[in-house]
Every structure is written in structure tokens, then in C-alpha cells.
Amino acid sequence: MLLSTTESLPNKEIIEILGICRGSTVRARNIGRDIGAGLKSIVGGEIKSYTQMTTVAREEAFNRMVNMAIEIDADAIINVRFATSVVMQGASEMLAYGTAVKLR
């Protein structure tokens with residue numbers, strides 16, 4: 001599966017657009033992370049537990065997007081993007097999306 005943030009792939013011809021494929025996950029904070037984050041906000045610096053949480057969420061959303069593309073027999077996903085949104089206080093969605101295509 002080829003993946004790209006661009007609209008085209010070098011030396012490849014897009015012969016069919018299969019549609020948008022996407023993957024998402026919703027993650028909630030927990031009290032342990034919040035206590036550590038509160039302490040870290042006093043002294044400054046990276047909040048590693050949140051960094052790890054968003055990294056895992058991004059990977060899961062990405063993998064779900066790729067799996068959706070595999071299910072529709074895509075050869076590649078172009079224009080790959082990530083977006084986040086707040087679902088409720090303390091919970092956010094991570095979304096990965098792109099255009100599934102067939103190549104020649």
C-alpha cells in the first residue's frame with residue numbers, strides 16, 4: 001500500500017478514485033495523566049504521557065484508514081491527513097483520512 005500526503009505519486013498513474021477512506025479513534029484522559037500534566041505545567045516541558053497517548057491514537061487511526069483501503073482493494077492512499085476534534089471535555093477524536101485510488 002503506497003501512502004502519500006501529495007495529490008499524485010511519481011511514476012504512477014491514477015486510473016480510478018475509489019473514494020475517501022478514514023480511520024478514527026476517541027481517547028479520554030485519565031486522572032493519573034491529569035495529575036502528572038498538572039505538575040508538569042508548573043515547571044514546563046513535554047507532557048510525555050499525553051505525547052504517548054496521542055502517538056498511539058494517531059497510529060490506531062492510521063492503521064484503521066489503511067485497513068479500510070485494503071478492504072476496498074486500493075493500491076494507494078493519496079492526500080493523507082490527520083485531524084483532531086474534541087468530543088467532550090476530556091476526550092478527543094483522532095482522525096486519519098485520504099483518497100483511496102487504483103494505480104497503473
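## Aromatic pair

Rings of Phe, Tyr and Trp (its six-membered ring) form a pair if their centres lie within 6.5 Å, and the planes count as stacked under 30 degrees apart, edge-to-face over 60 and tilted for the rest. The structure, a predicted model, holds 1 aromatic pair. The ring centres of Phe62 and Phe82 are 6.3 Å apart and their planes stand at 25°, so the pair is stacked. Because Phe62 belongs to helix 2 and Phe82 to strand 3, the pair ties together parts 20 residues apart in sequence.

Phe62 has a relative accessible area of 26% and is partly exposed; Phe82, at 38%, also counts as partly exposed. Here buried means under 20% relative accessible area, exposed over 50% and partly exposed in between, with a 1.4 Å probe and protein chains only.

## Basis of the model

Residues are numbered from 1 along each chain as its sequence is written. In this predicted model, local features need pLDDT of at least 70 and side-chain atom pairs count only at pLDDT 80 or more, while totals for chains, interfaces and linings use all residues; side-chain values use heavy atoms, with hydrogens and water left out.

## Overall fold

The protein has 2 helices and 4 strands, in the order β-β-α-α-β-β from the N terminus. These elements are DSSP runs numbered from the N terminus: helices are H or I with at least four residues, strands E with at least two.

Of the 104 residues, 25% count as buried. Among contacts (heavy atoms within 4.5 Å) with a separation of 6 or more, 74% join residues 24 or more positions apart.

## Arg81

Arg81 is located in strand 3 and is partly exposed, at a relative accessible area of 35%. Beyond its neighbours within four places in sequence, Arg81 is in contact with Thr5, Leu95, Ala96 and Tyr97. Its C-alpha atom is separated by 6.2 Å from that of Gly98, 17 residues apart along the chain.

## Largest pocket

A pocket is an open set of points on a 1 Å grid over the protein atoms alone, where a 1.4 Å probe fits, with protein on both sides within 12 Å along at least five of seven lines; lining residues have an atom within 4 Å of a point. The largest pocket is lined by 16 residues, and Arg27, Arg29, Met53, Thr54 and Ser92 lie nearest its centre. Strand 2 (14-28), helix 2 (48-71), strand 3 (76-88) and strand 4 (91-103) each contribute at least two lining residues.
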